[in-house]
Amino acid sequence: MLRQYHIKNYDFKLILMVVTLTVIGIVTIGSANSEFQDKQIMGLFMGLFGPVAYILPILSIAAGLYIVKTRNSETSKTFVYVSGLIFVICLSSLFYVFQYAPQNAAFDIGSFWFYATQNIGGGLVGSLLGYPLVFLAKQVGASIIIIAMMLISFIAMTDFAITRK
């Protein structure tokens with residue numbers, strides 16, 4: 001049986017190192033059968049991001065094309081990457097708010113991971129942002145906050161302005 005942990009007890013550097021080591025182990029070292037490497041990597045990203053993992057390659061290509069298109073722009077490329085990462089995290093959180101949160105109110109990282117691999121919820125990353133927002137602002141408030149964050153990160157990422165001079 002999985003124990004329920006509190007967010008204050010987690011070492012997030014350790015989680016990042018485990019994810020990095022997992023990808024290195026699967027891809028570089030070839031520790032897995034080559035037939036199963038794709039499924040294992042997809043399982044890792046599904047656990048982290050939920051169904052958003054399916055569109056990560058498309059978002060990566062779009063970000064690359066945007067950066068190539070705006071290579072002479074004054075906007076820092078790191079700024080674009082960070083804004084894109086915030087957008088993906090917010091998108092995962094939106095999946096958490098609409099799919100997982102209405103059915104289950106407990107903070108349980110094991111169930112976040114399990115349901116994300118079953119295409120339910122926003123994965124571990126989306127749940128870490130979505131859970132406190134749903135807890136504090138309920139489902140409607142969390143949705144509004146996350147959508148506003150997505151709009152802000154999209155505007156920051158694309159340098160979009162309503163009025164141009």
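**Core, helices and selected residues**

User: Which residues have the most contacts inside the largest nonpolar core?

Analyst: Phe49, Tyr96, Phe112, Ile146 and Met150 have the most contacts inside that core, which holds 27 residues. A nonpolar core is a set of buried Ala, Val, Leu, Ile, Met, Phe, Trp, Tyr and Cys residues joined through side-chain atoms within 4.5 Å. A residue is buried under 20% relative accessible area, exposed over 50% and partly exposed in between, using a 1.4 Å probe and protein chains only.

User: What kind of model is this?

Analyst: This is a predicted model, in which local features need pLDDT of at least 70 and side-chain atom pairs count only at pLDDT 80 or more, while totals for chains, interfaces and linings use all residues. Residues are numbered from 1 along each chain as its sequence is written, and side-chain values use heavy atoms, with hydrogens and water left out.

User: At what angle do α2 and α5 pack?

Analyst: Helix α2 (residues 37–49) and helix α5 (residues 109–117) pack at about 120°, and their axes are 7 Å apart. Axes are lines fitted to C-alpha atoms, for helices over the stretch in contact, and angles run from 0 to 180 degrees between N-to-C directions. The two helices, α2 and α5, are therefore oblique to each other. Angles under 35 degrees count as roughly parallel, over 145 as roughly antiparallel, 65 to 115 as roughly perpendicular, and the rest as oblique.

User: Which residues make the contact of α2 and α5?

Analyst: Gly43, Leu44, Met46, Gly47 and Leu48 of α2 meet Trp113, Ala116 and Thr117 of α5. Contact means heavy atoms within 4.5 Å. By class, this contact of α2 with α5 has five nonpolar, three polar and no charged residues. Ala, Val, Leu, Ile, Met, Phe, Trp, Tyr, Cys and Pro count as nonpolar, Asp, Glu, Lys and Arg as charged, and the others, Gly among them, as polar.

User: And α2 with α6: how do their axes cross?

Analyst: The axes of α2 and α6 cross at roughly 10° and come within 2 Å. Helices α2 and α6 are therefore roughly parallel to each other. Met46, Gly47, Leu48 and Phe49 in α2 meet Gly123, Leu124, Val125 and Gly126 in α6.

User: What does Phe49 touch, leaving out residues up to four places away in sequence?

Analyst: Phe49 touches Leu56, Val88, Ser92, Gly122, Gly123 and Val125.

User: Is Leu56 buried or exposed?

Analyst: Leu56 is buried, with a relative accessible area of 18%. Leu56 is placed in helix α3 (residues 56–69). Apart from neighbours within four places in sequence, Leu56 is in contact with Phe45, Phe49 and Val88. The C-alpha atoms of Leu56 and Val88 are separated by 8.1 Å, although these residues are 32 apart along the chain.

User: Moving on to serines, what does Ser93 touch?

Analyst: Not counting residues up to four places away in sequence, Ser93 touches Gly126, Leu129, Gly130 and Ile146. Ser93 lies in helix α4 (residues 77–100) and counts as buried at 0% relative accessibility.

User: Where is Ser83?

Analyst: Ser83 is also in helix α4, and Ser83 counts as buried at 5% relative accessibility. With the residues up to four places away in sequence left out, Ser83 touches Ser153, Ala156 and Met157.

User: What is the phi of Asn119?

Analyst: Asn119 has a positive phi of about 65°, although Asn119 is not a glycine. Most residues other than glycine have a negative phi. Asn119 lies in the loop between α5 and α6 and is partly exposed, with a relative accessible area of 33%.

User: And what is the phi of Lys138?

Analyst: Lys138, not a glycine either, has a positive phi of about 65°. Lys138 is found in helix α6 and counts as exposed at 56% relative accessibility.

Note on methods. Helices (H or I, at least four residues) and strands (E, at least two) are DSSP runs, numbered from the N terminus.
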